[in-house]
Amino acid sequence: MDANELYDPEFRKLIKSKKSTIIIPVGSIEQHGAHLPITTDSDIVTEIASRLAKKCGFIVFPTISYGLSFEHEPLSSISIRDVDYRSFLDDILWSLGKMSVNLSSVIILNGHHGNLEALKKLPTYLKKHFAPHEGMPKCYSYWHFMKHEFDHAGFVETSLMLAISDKVKMKKAKKGLITKGLSEKEKKRINKLSTQPGGFPKVAKNGVWGDPTGATKKDGEKFLAEIVRNLAKECQS
Ligand SMILES: [Zn+2]
């Protein structure tokens, strides 16, 4: 169920029943090459969260579209600092806690790699504000629930966008950084540099990691189904 379908009495009743799981999707606003919108991460994670909620009977909250994308500077990056990001999430969880939601029934669904470090630190941060019996939210990054290696504006992400949006400009899709065939040492160096502030365009000049030119809607549908199936299994176990 989407939060925009919830009304106060119903929402409080649902929370009281203790059976409700709440998903908070988190994305980013950042460059995704010339062919995908800057909202790509937020668009994809919103769609996955909505499908997951439908499949499992969860409540899905509005996506936190802004994230930490400093690695994409000086290309498009609208970013929030680590400490502010955690405070923001902390306040949302605090509000839910005050409504007697057990935080272990909250899922933060991440759609952007750059948010990972801040999200990893979230439990330590939260423990200062919540008692242990209140539980901790679960945090999942959706690309960990698919077999295919993930990319940035490459084959996988472009296929996913073709499956959920009519905003993809395939004529502008250009091959970007290809790491296949590089030594492990070189791959490590590239991986590390790509996550530093301003590092991504240094390793992928056109902002693309992978090759989007062969992306299809059909592949995107397959990835989506796989991700939602695996996430549902994890959430219900
Ligand atoms: Zn992305």
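Serine 100 counts as exposed, having 11 C-beta neighbours inside 10 Å, where exposed denotes 12 or fewer other C-beta atoms within 10 Å of a residue's own, buried 20 or more, and partly exposed the range in between, with C-beta atoms placed from the backbone. The model is predicted, so that local features need pLDDT of at least 70 and side-chain atom pairs count only at pLDDT 80 or more, whereas totals for chains, interfaces and linings use all residues. Residues are numbered from 1 along each chain as its sequence is written.

Serine 100 lies in the loop between helix H3 (82-98) and strand E5 (106-110), helices (H or I, at least four residues) and strands (E, at least two) being DSSP runs numbered from the N terminus. Although not a glycine, serine 100 has a positive phi of about 70 degrees. Alanine 153, likewise not a glycine, has a positive phi of about 60 degrees and is found in the loop between strand E6 (138-141) and H5; alanine 153 is buried, with 28 other C-beta atoms within 10 Å. Most residues other than glycine have a negative phi, and most peptide bonds are trans.

Helix H5 (residues 155-164) packs against helix H8 (residues 217-236) at an angle of about 95 degrees, with their axes 7 Å apart; axes are lines fitted to C-alpha atoms, for helices over the stretch in contact, and angles run from 0 to 180 degrees between N-to-C directions.
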